[in-house]
Amino acid sequence: DMARHLALQAVQSDLSRNRRILLRNFDPRVLDLLWQTFTPQQRVALFGPIRAWHFIDRTGALKTLTARQDANATAPERVILNEGQWTMISRVGLVNQTLALVQAARALPLHQTAANEADNALIRAQINGLQDEQDLIKFAFLAVTVHPRFDEHPHIRAILQTVSEGAEFCAEVQRLAPDQWQQISAGRPAQ
C-alpha cells in the first residue's frame with residue numbers, strides 16, 4: 001500500500017511541457033526543496049498513509065517531516081504541481097550540482113540555508129540573462145560561498161553587463177583580483 005502510494009506520487013505529468021517525469025521525492029536532496037514549496041494539501045497527498053518521514057538532510061542532520069490533514073478535509077489522491085513548482089523543480093539539479101561543488105571546495109558541512117541561497121541565486125542569475133549551465137552553477141556557487149547577494153556589488157554588476165553583451169560569466173569572474181573578492185565578500189562597495 002505504501003510503496004504503491006509513493007510510486008503513484010513519483011510519476012508526474014508536466015502538462016505544459018507535455019512530458020512525464022519521475023519526481024524523486026524519495027531523494028533527500030529533492031524532498032527538502034519540494035517540501036518548502038508544497039502546500040499543506042500537497043504534503044498530505046505526497047505522504048498519504050505515511051505519518052512521518054525521517055531522513056538525513058544535506059547538512060548531515062536528522063530531519064523529520066510530517067503532513068497534517070485537516071480533520072474536515074478530504075485528502076487528495078495525487079500531488080498536482082503548479083507552474084511555479086515545475087519551474088522550481090527544473091532548478092533542483094542545478095542546486096544539487098552547486099552544493100556538491102560547495103562541499104568539495106569547503107570540505108565542511110553545508111549550512112541549513114545553503115539550498116535556498118543557491119536556488120534564489122539561480123533565479124537571479126536567470127533574471128540577469130545567464131543561460132549556460134556552468135555560468136548558472138558558478139553564479140549560485142558564489143552566492144553560497146562568497147556572499148548571498150554578491151551580484152549586487154558594482155564589480156559583479158559590471159561583469160553582468162558585459163555578459164549581456166556576449167561575454168562569458170565564468171571567464172569574467174576569473175579576472176577579478178583577490179582584493180576585489182574581499183570587497184565583494186564583505187559586501188563593501190568598490191573603492
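Start at helix H2: its buried residues are covered by, among others, helix H3 (40-47), strand S3 (53-56), strand S4 (62-65), helix H4 (83-106) and helix H5 (114-127). Keep in mind that this is a predicted model.

Now select H2 itself, residues 28-37. Show side chains for Val 30, Leu 31, Asp 32, Leu 33, Leu 34 and Trp 35; these are the buried residues of the helix.

Next, the core. The largest nonpolar core holds 51 residues. Pick out Ile 89, Leu 99, Phe 139, Phe 150, Ile 156 and Phe 169, which touch the most other members. Then colour the elements that give two or more residues to this core: H2, H3, S3, H4, H5, helix H6 (133-145), helix H7 (154-164) and helix H8 (169-174).

Stop at Phe 139. Leaving out residues up to four places away in sequence, Phe 139 touches Ala 121, Arg 124, Ala 125, Asn 128, Leu 130, Phe 150, Asp 151, Leu 160 and Phe 169.

Zoom out to the protein chain. Nine helices and four strands make up its secondary structure. Trace the order from the N terminus: α-β-β-α-α-β-β-α-α-α-α-α-α. The C-alpha atoms fill a box of roughly 60 × 35 × 30 Å along the principal axes. Of contacts between residues at least 6 apart in sequence, 61% join residues at least 24 apart.

Finish with the surface. Buried residues account for 40% of the 191 in the chain. The chain exposes about 10700 Å², with 52% of that supplied by carbon and sulfur atoms.

Key:
Residues numbered from 1 in each chain as written. Predicted model: local features only at pLDDT ≥ 70, side-chain atom pairs only at ≥ 80, totals over all residues. Heavy atoms only, no water. Buried < 20%, exposed > 50% of the residue type's maximum accessible area, 1.4 Å probe, protein only. Contact = heavy atoms within 4.5 Å. Core = buried A, V, L, I, M, F, W, Y, C linked by side-chain atoms within 4.5 Å. Areas by Shrake-Rupley, 256 points an atom, 1.4 Å probe, with all protein chains shown as cover.
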